[in-house]
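Welcome! Take a look at it first, and then read on.

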Amino acid sequence: VPLDVRRREDSSSPAMLAAAKRCTGFWFSGGDQNRVGDKIVGTPLQKLILTRYAEGAGIGGTSAGAAIMSKVMLTGDDRDGKEALTEIGKGAYRTREGMGFLPPHCIVDQHFLRRNRQNRLFSVLMEHPDHMGLGIDEATALVVKGGKATVLGEHGVMVFDPSGLKLDKADGFRNMRIHLLRRGQSLELATRKARP
């Protein structure tokens, strides 16, 4: 069932909401995660999908569809509106509200290792040290069920846990915990503990 949301108004359409209510799962395709932010976040369609998810509907996505899973969502742009990977520090990358399927302390980035996007999560976590960063690489999935996130696929997921983070005046930091999880390995999202 394609939920063809072309305008923000479509996310309030009775026909669209009726179609979405019958769905047992939702797949968010790749592209630009800002389109989901512009057209769905904060609308009746988002509320309905979150309700269906709480009732047991499956949720998935690829690339931009992965980025929208967290409440704090990377837009893909730096502070000047360009995609840059060299900056690091508070305010270096833009965020906005995502769909919020994952626990609120999780932030997702995609194409992570392949495109060397560590600076983005480091920077965002400096602003949100109570959050945890999940960098999912290409051809890789992070399957979340019952609070446990398990890696599937060819590459890996990097986990950045800033719970012991110490920021300094020079915009540096110390004590960031980092895990690289491979196929079959998992992470308890509530406790942030990695499992073999």
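**Overall picture**

For a protein of 196 residues, a compact globule would have a radius of gyration near 16 Å, and the 17 Å found here agrees with that. Please keep in mind that this is a predicted model. The protein holds five helices and 14 strands.

**Size, surface and charge**

- Along the principal axes, the C-alpha atoms fill a box of roughly 50 × 40 × 25 Å.
- Of the 196 residues, 46% are buried.
- The accessible surface is about 10000 Å², and carbon and sulfur atoms account for 51% of that surface.
- Looking at contacts between residues at least 6 apart in sequence, 64% join residues at least 24 apart.
- There are 30 positive side chains and 22 negative ones, and the centres of these two sets lie 5 Å apart.

**Strand S6, an enclosed strand**

- Strand S6 spans residues 132-136, and because five of its five residues are buried, the rest of the structure largely encloses it.
- Side chains in a regular strand alternate between the two faces of the sheet.
- In S6, Met-132, Leu-134 and Ile-136 point one way, while Gly-133 and Gly-135 point the other way, and all are buried.
- Strand S5 (residues 106-110) runs parallel to S6, and five bridges join the two.
- One place to look at this pairing is Asp-109, whose bridge partner in S6 is Gly-135.

- Strand S1 covers residues 25-28; Phe-26 and Phe-28 form its covered face, whereas Gly-25 and Trp-27 form its uncovered one.
- S1 pairs with strand S2 (residues 58-61) in the parallel sense, over four bridges.
- Within this pair, Phe-28 of the covered face stands opposite Gly-61 in S2.

**Thr-86, a loop residue**

- Thr-86 sits in the loop that lies between strand S3 (72-78) and strand S4 (93-97).
- Is Thr-86 buried or exposed? Its relative accessibility is 71%, so Thr-86 counts as exposed, the cut-off for that being over 50%.
- Leaving aside residues up to four places away in sequence, Thr-86 touches Tyr-93 and Asn-119.
- From Thr-86 to Gln-110 there are 24 residues in sequence and 17 Å in space, C-alpha to C-alpha.

Technical notes: Residues numbered from 1 in each chain as written. Predicted model: local features only at pLDDT ≥ 70, side-chain atom pairs only at ≥ 80, totals over all residues. Heavy atoms only, no water. Rg over C-alpha atoms; globule rule 2.2 N^0.38 Å. Buried < 20%, exposed > 50% of the residue type's maximum accessible area, 1.4 Å probe, protein only. Contact = heavy atoms within 4.5 Å. Areas by Shrake-Rupley, 256 points an atom, 1.4 Å probe, with all protein chains shown as cover. Lys, Arg positive; Asp, Glu negative; His and termini not counted. Charge placed at Lys NZ, Arg CZ, Asp CG, Glu CD. Pairing = 2+ DSSP bridges.
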